[in-house]
Amino acid sequence: MMMRLNILIVSSLLFLIIGLSYSKPLSKDYGVSPEEIEFYKGEKFNCLRSNKQVPISQVNDDYCDCPDGTDEPGTSACSNGHFYCINKGHKGQFIASSFVNDGVCDCCDGSDEYSSMMKCKNTCNELGKEMREKQLQDQEKYAQGLKKKAEMIKDAIEVMESKTASLEKLRKEIEPINQEIKELEVLKENKDKEKQQELDKIKEKEEEFKAKTTLETTNEEKQQQDIPDNDVVKEIEKELKENEEKEQLTSEVYDEILKGIEQLEKEIQTKRDSLRDKQNEIQKIEEMLKMDFGKNNVFLALYGKCFDLKTKEYTYTLCPFDRANQGGTSLGKFEKWENDYENMLFTNGQQCWGGPKRSIKVSLECGSENEAYDVQEPGKCEYTIKLKTPASCDEEHLKVLLLENDHSF
Amino acid sequence: MIKKQERKSSSLMPTFCVIFFVFLVTMTSLVESVDHSKFKTCGDSNFCKRNRINHENNKEGFYRLTSIQLSDDKHSILGDIVQNNNEAQPLSLKIQVYKDRMVRVTVVEKNPLANKKRYHVQDVLLPTISTLPLEWVEKPNDKQFSFTYESSQADSQTKKNNRVQVQINPFVLDLYVNGELSISTNDKGLFTFEHMREKIAQIDKPAPEEIKQQEQVDLNKEEGEQQDQQQEEKPTTNEVAGLWEENFSGHQDSKPHGPMAIGLDFTFAGSQTIYGIPEHSTSLALKTTKGEGINEQPYRLYNLDVFEYEIDKTMALYGAVPLIISHDTSKTVALFWLNAAETFVDIEDVVDKQNRKSKNTHWISETGAMDFFLLAGPTPTDIFKQYATLTGTTALPQLFSLGYHQCRWNYKSEDDVKDVDEKFDENNIPYDVIWLDIEHTDGKRYFTWDKNNFPTPADMQNIIGAKQRKMVTIVDPHIKRDNNYYIHSEATSKGYYVKNKDNNDYEGWCWPGSSSYLDFTSKEVRSWWSSNFAYDRYKDSTPNLYIWNDMNEPSVFNGPEVSMHKDAKHHGDVEHRDIHNLYGFYYHMATADGLVQRNKEQNDRSFVLSRAFFAGSQRIGAIWTGDNAAQWSHLEISNPMLLSLNLAGITFSGADVGGFFGNPEPELLARWYQAGAFQPFFRGHAHIDSRRREPWLFGEPYTSVIREAIVKRYSYLPLWYTTFYQNTLTGAPVMRPLWVEFPKEEALFKIDDQFMVGDSLLVKPVTKQGQTTTSVILPGKDTKQVWYDVDTGKQYPASTIEVETPLEKIPVYQRGGSVIPKKERIRRSSSQMKHDPYTIQIALSTDQSAYGELFVDDEHSFAYQKGDFIYKSFTFKDNVLTYKDVNKSSSFKSNNKIEKIVIYGLKSVPKTIVAASGDRKLEFEYDKEHSRLIIRKPELSIDNNWTLSFK
């Protein structure tokens, strides 16, 4: 750390001297990053990434000698070279050699514009401050996000556990219900039999009754033979008889049986419904458990949720793991993750007029809350949307942020 | 951009009004190629049909000269021409000789009708052209006469060899070049002149049955059955149909003036190949359209917005230059047919009077005066000079416009623009201009901004401008008929619109919906239009903003052939049919003038890209080949199309890189960038329905390949700029067919898949998918020409070589004997390179010599026209490299230095290289790997003369 700081100070001093009067030759290490500065000392310079040696006098002399462009770190002579801005107060940065003295202030310390007409203000302190503030915000955001993420993971564990438990429970419940249904069905079968027996009894009675009345009717029939519409008459008679039968059938016993059957049927139906519900539930849970919710199932928190984004013209609805819509137009169904959980791809949406089927790519990024924003249509009917979510915050990134902040202070 | 008819309201875009949408749907053909039913063939254009077919059986009698006299000033031969069977209607003939070996012939009615007039093309010829006094070679007798087109200083044999020989009966006009018959006018006797006539009342409107009958008759005629022609005084209904009224594809042309067509044939005697008459999507060498066993449509010149045009068709496209160039091993000659009406050109293989293989071209125009120039060459260089004398050279482009242009229909918002701009930097790819298509406007009202997506347009331009980049916005000639739109209300109240046949403002559909079209043929309208580009009129425009003119054929979605009705009326009661091919030219002119006038000093050269064009458009600005497609065949055809344009003077031209319609595969896109990098106008463009295709979107190796192509373009910008300057002196094309540089090599005459940039770089773009090797013709065997691969320095003798073409390879060769100025430092934009040092790339000939030029000025103003420039040459000869003024001394001051001199082909490595001024010894090294000598930091200035001695 100490050494680096020394180099920074030395380089900044050099910059000041050079920056003031650019007609003087550039120092040999102008535009060199601290990591490589040691290579720019001595009488000879070995091109860093190609096999050539030049006298040190040819380094930063505004003529490109090395095929890799490393002999001109501080000038624009090599079109494949790089220039390092020290940016004291902010953070160091490589820019393309072509940006050196091109009239655009690329480095916040202005070190890239030492001989153009452009007078660059040193904005590193302000930018550095802004950056640090932003980094703090980012840190904050990350920290919050990570907190939420931890909760999400915890929730996910709970959810997964409870889901697994319910699955088990449900699976266990299935057999008893099946058993109960079976039992009920046996009961019902018995009742059906009883019903049949009772019916048979009634039929017997009926036969007796019929036999008694046959003689009478035969006589009547004989009388009525001349009547042309005897079919109709027969029908009427039949109906009358059946009504009589029914009157006879509505015996109390029979009614009891029927009620019993009805009751059993109801019970069976209820059980079956319950069975189906449970099976559906099982299927749903199984499907869910098959889904890829990322490491620690962190993205489970987005499952079953939908996020709306209103623009001037449309309301976009994004339901992770399910679907995306632009108003009533389908932008696709969830197909897969891409780029290590950075993107969700929804495809096979509504056919575009003269174009492809609509699709949308969701870019997930760390945020303290779940929020969809910035919907775009970069290609015809190919959409992009961003989704902030704590689920996308990661510890490593926060570490990097913290490290960067350490550096910039 | 009829392209755009395919559009549907994109889901993020505001929905179009229902009517427009329905209209679009009805306009759309879902097939992926041109809808032929929309565009006329010769058979659909009555004047072409009757003249092309009837002449097969010419019974009308030949035309003959009846009187000859010299004008008082002795600069013109005046004569009368009559048709053998129509002596009552004489024609006036005028023949003039112009400086620089050109002959002009004009024919009009001797006794025109009071209520009709023949249109003479205005504003195309330069006012500076001048005639010479006529000098007889053989004075007129009853058979013939001849005169020379040489200047009076020439000796009598030269005058005799270079003469025009006119035969009296039938009228034939023969141009001799160096004693050789070169162009024979009316050789086949196809002279036609439909004398203006009054409409005869009783046969005013033939009944529909009669039309039908007539069509049948005509069909019969096409099959070869002969018809007895009758005298015009007693026309039959058969003859009249189509003369006074004509229908096509649901559109009626009222034709109030009746038939006024003209026609004439020209035999290019001894011609091996003919070129020119752009714009067609065909080979550079024009194909035969007529003759035994050939049944092609004639080449058509009628500016049209053709949706999804096809390859290898003679159908008309967006622009027209009626110039045909004939070339054979002994001479180059040309014909310039000065007519802006619909024109068809048939080409036939014939034999001339001396039984030599020749090319006959038959020209038929619907209206207008007969007015043409014969250009006597005799070399390609002479032809370019002669044609440039007539119609001008290319306006010297601002240097930035030779860089790379990034366009798309559409960059949607300021954020989008900013993002694309930044991505170029992130990927370290230079570009100069970002373009905004029609969606940037408020409802297609040009000169306005869509304030939702472009709330701070001036800031946006300034952000771009800070990197010394520019912006281009589109401004089209159709004006939205909205009374709250200031352009429309002013144009209406001032009466500036084109009128329909009933004298009301002409209305048609275009992007904004109902639109009217400004009458740019009027000087007053043009001047008013120009004033609209003033910074206070065009709100939020800044000096970084330049303009794109599209749809100026003009495109009228619901008009005949997607264009304007021919009976529409322009300034001075001129019918649209007379000026059709000039409309886009005038529009382009008015816009470009506006950009010059908007600056107080009026000292900034304009940049305006136009789709429509005519002869002379080169003086105004750049041209592109319209709405091509993302197909290999369209990449391939871009070379012949641009070569044709270049031959016809339109040198600052390009094709949309990547192809406008559709989605190029990355390989096609990369190859297209490689080709575009060596074509004069270099712009990537894409249709709104196509996927994004900015250079970095396809990953490696494509991003690097595209970057390298663009970087190459930038490194050669000094060559491009110098070559464009040379064009202002010579008229020579910037992108050249090989035969122009090697006119005696017959094998090159039809080559159009490779070309030269200026006279020093030979380019063979790869235009085929998966092509891993290609053969390259390196010409000049007879002169022991050598060539150097610019990537490896490898030397090749003139021959046909087979080269490997992996994706990153662009086969480019520097001609031995040439010196090319380059700038090898790459910047964000060309303007940022202004102060960067030069690299001089010398490729020696076998005799160890080389020559090349460098032009430098302020890169943007008209100061060069007052001599404020550097124009110097590099000559390597006898081991001395000399840098000195080409002609007069240069006044421009520049601090730019030469940082490097690279010499290929040196036979012996010198011991020392000494700069004569002060005997300074220069540092140099010999790079064996590339067989080149490199002078390191010679610190030579470009505004002083100097010499280097190699010892």
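This is a predicted model: local features need pLDDT of at least 70, side-chain atom pairs count only at pLDDT 80 or more; totals for chains, interfaces and linings use all residues.
Local features require pLDDT of at least 70 and side-chain atom pairs pLDDT 80 or more, whereas totals for chains, interfaces and linings use all residues. Residues are numbered from 1 along each chain as its sequence is written.

At the interface, 34 residues of chain A are in contact with 38 residues of chain B (heavy atoms within 4.5 Å). The buried area, defined as the accessible area (1.4 Å probe) lost by two parts on being put together and summed over both, is about 2900 Å². Carbon and sulfur atoms give 42% of this area. Of the area that chain A buries against chain B, 28% is supplied by A:Tyr63, A:Trp353 and A:Lys380, more than by any other three residues. Seven salt bridges are found across the interface, a salt bridge being a side-chain nitrogen of Lys or Arg within 4 Å of a carboxyl oxygen of Asp or Glu. One of them joins B:Arg828 to A:Asp102, at 2.5 Å from N to O.

Over all chains, the structure holds 79 aromatic pairs (rings of Phe, Tyr and Trp, the last by its six-membered ring, with centres within 6.5 Å; planes under 30 degrees apart are stacked, over 60 edge-to-face and the rest tilted). B:Tyr788 and B:Tyr904 form a tilted pair, with 6.0 Å between centres and 35° between planes. B:Tyr788 is buried, with a relative accessible area of 2% (buried, under 20%; exposed, over 50%; partly exposed, in between; 1.4 Å probe, protein chains only). B:Tyr904 is likewise buried, at 4%. B:Phe876 and B:Phe950 pair edge-to-face, at 5.1 Å and 85°, and both are buried.

Definitions and conventions. Chains are lettered from A and ligands numbered from 1 in the order in which they are written. Side-chain values use heavy atoms; hydrogens and water are left out.
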